2 protein chains.
Amino acid sequence: MSNTRSLPVLEPVAAPCCPPLTERPLSADEAERTAKMFKALGDPVRLRLFSAVASHEGGEACVCDISDVGVSQPTVSHHLKKLREAGLLTSERRGTWVYYRVEPSVLAAMGQLLSAAA
Amino acid sequence: MSNTRSLPVLEPVAAPCCPPLTERPLSADEAERTAKMFKALGDPVRLRLFSAVASHEGGEACVCDISDVGVSQPTVSHHLKKLREAGLLTSERRGTWVYYRVEPSVLAAMGQLLSAAA
């Protein structure tokens, strides 16, 4: 019998990845994972929505808070879902609304990837 | 008659842009400019090529240096051109080859955009 107990491991939606881009060429796997996040921010409307969530009071926002980017509410919801699927936002339903929050560890990893290359 | 002379202003391909994403929502113009750069890195092959250039000896590389990403040389050239058009790489022809180099100021701005949001 063993005294050790295995603790549950919380798997992040998208694990932060990869050395700074100046260090060595990314592998195919690393590039696949990381490109998804860049792609998610590669659309002007999604990027505006992302900055709207990131800069919103308390670091979170629901569709009801974001209405000034010139697209319909279903379109906003669609883009927020894409950002969540890319691992950049997390979401939580509270009553009628889904609240979105920036995933700081993933963002920090992306920032490091780029800033270390400068 | 005036003694002042106007000096030529060097316009960068893509000017570094925008406050950290946590500061305020990006405007439509800012998002348009910035999304282009994220989009350029949003493709796995382009991201691998970008890291291959960024991590190459001397910080520059030509197509002749990059041959291990599993795509043909014309495809490599095509992707490097896209990265240049997005303002992420600069290029210079020397003899037979075009050499690509990372544009550090643009990268640093992108890194800041993300890391400050963490």
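I began with A:Glu92, which is partly exposed at a relative accessible area of 45% (buried means under 20%, exposed over 50% and partly exposed in between, with a 1.4 Å probe and protein chains only). The model is predicted, so I note that local features need pLDDT of at least 70 and side-chain atom pairs pLDDT 80 or more, while totals for chains, interfaces and linings use all residues. Residues are numbered from 1 along each chain as its sequence is written, chains are lettered from A and ligands numbered from 1 in the order written, and side-chain values use heavy atoms, without hydrogens and water.

**Entry 1: salt bridges in chain A**

I looked up the partner of A:Glu92 and found a salt bridge with A:Arg94, the closest N and O atoms being 3.7 Å apart (a side-chain nitrogen of Lys or Arg within 4 Å of a carboxyl oxygen of Asp or Glu). A:Arg94 also forms a salt bridge with A:Glu60, where the closest N and O atoms are 2.9 Å apart. I placed A:Arg94 in strand 2 (residues 89-94) and A:Glu60 in strand 1 (residues 60-62) of chain A, so this pair ties together parts that are 34 residues apart in sequence. Helices (H or I, at least four residues) and strands (E, at least two) are DSSP runs, numbered from the N terminus.

I then compared the accessibility of the two partners. A:Glu60 is buried, with a relative accessible area of 18%, whereas A:Arg94 is partly exposed at 37%. I recorded a network of salt bridges that links A:Glu60, A:Glu92, A:Arg94 and A:Arg101.

**Entry 2: a salt bridge in chain B**

How many salt bridges does the structure hold over all chains? I noted 10. One that I looked up in chain B joins B:Lys81 to B:Glu85, with the closest N and O atoms 3.6 Å apart. I found both residues in helix 3 (residues 73-85) of chain B, 4 residues apart, about one turn of the helix. B:Lys81 counts as partly exposed at 43% relative accessibility, and B:Glu85 counts as partly exposed at 48%.

**Entry 3: chain A as a whole**

I listed 4 helices and 3 strands in chain A. From the N terminus on, I read the order of its elements as α-α-β-α-β-β-α. Of the 118 residues of chain A, 42% count as buried. I also looked up contacts (heavy atoms within 4.5 Å): among those in chain A with a separation of 6 or more, 55% come from residues 24 or more positions apart.

**Entry 4: helix 2 against helix 3 in chain A**

I recorded that helix 2 (residues 44-55) and helix 3 (residues 73-85) of chain A pack at an angle of about 80°, with their axes 10 Å apart. Axes are lines fitted to C-alpha atoms, for helices over the stretch in contact, and angles run from 0 to 180 degrees between N-to-C directions. The two helices are therefore roughly perpendicular to each other (65 to 115 degrees; under 35 is roughly parallel, over 145 roughly antiparallel and the rest oblique).

**Entry 5: the nonpolar core**

Which members of the largest nonpolar core touch the most other members? I found A:Leu88 and B:Leu88, in a core of 62 residues (buried Ala, Val, Leu, Ile, Met, Phe, Trp, Tyr and Cys residues joined through side-chain atoms within 4.5 Å). Leaving aside neighbours within four places in sequence, the contacts of A:Leu88 include A:Met37, A:Phe50, A:Leu83, A:Arg101, A:Val106 and A:Met110.

**Entry 6: single residues**

I found A:Val69 in the loop between strand 1 and helix 3 of chain A. A:Val69 is buried, with a relative accessible area of 12%. Apart from neighbours within four places in sequence, A:Val69 is in contact with A:Arg48, A:Leu49 and A:Val76. A:Val69 and A:Glu30 are 39 residues apart in sequence and 33 Å apart in space, C-alpha to C-alpha.

I placed A:Ser77 in helix 3 of chain A and noted that A:Ser77 is partly exposed at 29%. The C-alpha atoms of A:Ser77 and A:Ile66, 11 residues apart along the chain, are separated by 10.0 Å.

The C-alpha atoms of B:Arg33 and B:Cys17, 16 residues apart along the chain, are separated by 7.7 Å.
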